[in-house]
Each structure stands twice: as structure tokens, then as C-alpha cells.
Amino acid sequence: GFVLWLASCFPTWSFFSWHPVLMTIGYVGMFCESILLFHPRFSPTAVHATRVRTHQVLQIVGLMMACGGGWVIWTVKERAGKDHITTWHALIGLITLCLSVINAANGAPLIYPQLRKLPLMS
């Protein structure tokens, strides 16, 4: 909430401004918090099943926010008629986003065993 509020305080708020906000909240906020759930110091009384479900929800929301941030910058570039993936920042960002999707695809069968029967997963 703080990042969103801070970003909206600037008079130059634009569609592009959603890119850093969504990426920051998705990767730093959601992904990091979902990993910390499994450390006993941060959630000492939580049942393992609750930790797993909360981890799953935070990972999904974080991935959706990261994909949204990627979509925003792609749309901004398209509207401006600029080339895509022309900087190291863009290349590393695209690789990170792709690895995040692969990570989610590999994590889903751990929680949903019926996905293991799909031809893609075998």
C-alpha cells in the first residue's frame, strides 16, 4: 500500500508508473513474503497446511502483479512505437519473468497431484 501511495503522490503519474509499482509489490512484497512463511521465526504458530496455502496465494498474486508490470511496459513501448528488449534491464527482466512462470508451473503439481498426469508434466 505504501509503495502505491508514494508513487501516486508524484504529479507525473502515468500508465508507465504502474510498471515499477507492480514489479516491486509482486517480486519484493508477495514473493519474498511467501518464502518467509516457511521460516519458524516469522510464522511460529501457523500450521504447515496454512503456510502452504498462503504461500500459494501470495505466489499467484505476485506472479499476476509481475506479469501485469511486464504487460504495462510492453504496452507503453508499443504505443510509443519503440523496440522491445533493447537494454540489459529489459533482457534480465524478461528472463526473470519467464523463470517466474516456469517456477509456478513446476510448483503447481506439488500441490495439485492431478496435474502430474498431464502429458506436459510427464
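Which helix does Leu110 lie in? Leu110 lies in helix α4.

## Basis of the model

This is a predicted model, in which local features need pLDDT of at least 70 and side-chain atom pairs count only at pLDDT 80 or more, whereas totals for chains, interfaces and linings use all residues. Residues are numbered from 1 along each chain as its sequence is written, and side-chain values use heavy atoms, with hydrogens and water left out.

## Overall architecture

The protein contains four helices and zero strands, and its pattern along the sequence is α-α-α-α. The radius of gyration is 17 Å, well over the 14 Å that the globule rule gives for 122 residues, so the protein is more spread out than a compact globule. Here the radius is taken over C-alpha atoms, and the rule is 2.2 Å times the number of residues to the power 0.38. Helices (H or I, at least four residues) and strands (E, at least two) are DSSP runs, numbered from the N terminus.

The C-alpha trace spans about 45 × 40 × 20 Å along its principal axes. Of the 122 residues, 24% are buried, a class defined by under 20% relative accessible area, with exposed meaning over 50% and partly exposed in between (1.4 Å probe, protein chains only). Among contacts (heavy atoms within 4.5 Å) between residues at least 6 apart in sequence, 58% join residues at least 24 apart.

Two packed helices are described by the angle between their axes and the distance between the axes. The axes are lines fitted to C-alpha atoms, for helices over the stretch in contact, and angles run from 0 to 180 degrees between N-to-C directions.

Helix α3 (residues 48-80) and helix α4 (residues 88-111) have axes that come within 11 Å and cross at roughly 155 degrees. That angle makes α3 roughly antiparallel to α4; angles under 35 degrees count as roughly parallel, over 145 as roughly antiparallel, 65 to 115 as roughly perpendicular and the rest as oblique. The crossing is left-handed, a term used if the near helix is turned anticlockwise from the far one by less than a right angle, with right-handed used if clockwise. On the α3 side the contact includes Val52, Leu63 and Gly70, and on the α4 side it includes Leu97, Ser100 and Ile111. By class, the α3 contact with α4 has eight nonpolar, five polar and no charged residues. Ala, Val, Leu, Ile, Met, Phe, Trp, Tyr, Cys and Pro count as nonpolar, Asp, Glu, Lys and Arg as charged, and the others, Gly among them, as polar.

## Helix α2 and its partners

The axes of helix α2 (residues 18-36) and α4 come within 14 Å and cross at roughly 45 degrees. This makes α2 oblique to α4. His19, Tyr27 and Phe31 of α2 make the contact with His89, Thr96, Leu97 and Ser100 of α4. These residues divide into three nonpolar, four polar and no charged. The crossing of α2 and α4 is left-handed.

With α3, α2 packs at an angle of about 160 degrees, the axes being 8 Å apart. The two helices are therefore roughly antiparallel to each other. Their contact divides into 15 nonpolar, nine polar and one charged residue, and α2 passes α3 in a left-handed crossing.

## Two individual residues

His19, in helix α2, counts as buried at 12% relative accessibility. Not counting residues up to four places away in sequence, His19 touches Gly69, Gly70, Val72, Ile73 and His89.

Leu110 is exposed, with a relative accessible area of 65%. Leu110 and Cys32 are 78 residues apart in sequence and 20 Å apart in space, C-alpha to C-alpha.
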